[in-house]
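Hi everyone, thanks for making time for this. I'd like to walk you through one structure today, so please have a look at the screen.

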Amino acid sequence: MTATAETPQRTGLRQQVLVLYLASSALDARVVGWSTYDGTGETHPTTGDSDVPPYETGLDALKDGWRLFQASQLNPPYPGHEYDVSFLKHEFFFEKLV
């Protein structure tokens, strides 16, 4: 594949990714878990490197310039499993090009 004016190789842009797990499917719900990934190589975040979330809500991330590009599907629990503990299901992916 050849580079075009839109590719990061030409523009110098790199992607930063922010994954927020919210208390519910609403973007203004509080953050209960998070992960960050830095395509610039300037930072090297790891799991558990902070007790404080980068934002209080997903909406706060939008207000700070992060672009939402994926939200997890809302699937109802299987009957009889409404109170099972499992993965964090309200996952939102954000990006910034820097």
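I'll start with the overall layout, then go through the sheet, the core and one glutamine.

One thing to keep in mind is that this is a predicted model. The protein has 2 helices and 4 strands, and if you read along the sequence, they come in the pattern α-β-β-α-β-β. Of its 98 residues, 23% count as buried. The accessible surface is about 7,200 Å², and carbon and sulfur atoms account for 53% of that. Here is one more overall number: if you take contacts between residues at least 6 apart in sequence, 63% of them join residues at least 24 apart.

Now to the sheet. In what order do the 4 strands sit in the open sheet? The order is S2-S1-S4-S3, with antiparallel pairing. Strand S2, residues 31-38, and strand S3, residues 67-71, stand at the edges with a single partner strand each, so one side of each has no neighbour in the sheet. From one strand to the next, the twist averages 20 degrees.

Let's go through the pairings. S1 and S2 run antiparallel and are joined by 7 bridges; one place to look is Tyr 21, whose bridge partner in S2 is Gly 33. Strand S1, residues 15-22, is also joined to strand S4, residues 91-97, by 7 bridges, and this pair runs antiparallel too. Here you can find Leu 18 with its bridge partner Phe 94 in S4, and Leu 20 opposite Phe 92 in S4. Then S3 and S4, again antiparallel, are joined by 4 bridges; there, Arg 67 has Glu 95 of S4 as its bridge partner.

A general point before we look inside: in a regular strand, side chains alternate between the two faces of the sheet.

So, is S1 enclosed or open to the outside? S1 is largely enclosed by the rest of the structure, because 7 of its 8 residues are buried.

Which residues make up the largest nonpolar core? There are 10 of them: Leu 18, Leu 20, Leu 22, Ala 29, Val 31, Tyr 55, Ala 61, Trp 66, Phe 92 and Phe 94. S1 and S4 are the elements that give two or more residues to this core, and S1 gives the most, with 3 residues. If you click on Ala 29 and set aside neighbours within four places in sequence, you'll find it in contact with Leu 22, Ala 23, Ser 24, Glu 56, Thr 57 and Gly 58.

Last stop, the glutamine I promised: Gln 16, which lies in strand S1. Is Gln 16 buried or exposed? Its relative accessibility is 19%, and the cut-off for buried is under 20%, so Gln 16 counts as buried. Leaving out residues up to four places away in sequence, Gln 16 touches Tyr 37, Asp 38, Gly 39, Thr 40, Trp 66, Phe 94, Glu 95, Lys 96 and Val 98. With Asp 38 there is a polar contact, side chain to side chain, at 3.3 Å. And Gln 16 is 9.5 Å from Gly 41, C-alpha to C-alpha, although the two are 25 residues apart in sequence.

Methods
Residues are numbered from 1 along each chain as its sequence is written. This is a predicted model: local features need pLDDT of at least 70, side-chain atom pairs count only at pLDDT 80 or more; totals for chains, interfaces and linings use all residues. Side-chain values use heavy atoms; hydrogens and water are left out. Two strands pair if DSSP finds at least two bridges between them. Axes are lines fitted to C-alpha atoms, for helices over the stretch in contact, and angles run from 0 to 180 degrees between N-to-C directions. Buried means under 20% relative accessible area, exposed over 50%, partly exposed in between (1.4 Å probe, protein chains only). Contact means heavy atoms within 4.5 Å. A polar contact is a pair of N or O atoms within 3.5 Å; within protein, one must be able to donate a hydrogen and the other to accept it, and residues adjacent in sequence count only if both atoms are side-chain atoms. A nonpolar core is a set of buried Ala, Val, Leu, Ile, Met, Phe, Trp, Tyr and Cys residues joined through side-chain atoms within 4.5 Å. Accessible areas come from the Shrake-Rupley method with a 1.4 Å probe; for residues, only the protein chains shown count as cover.
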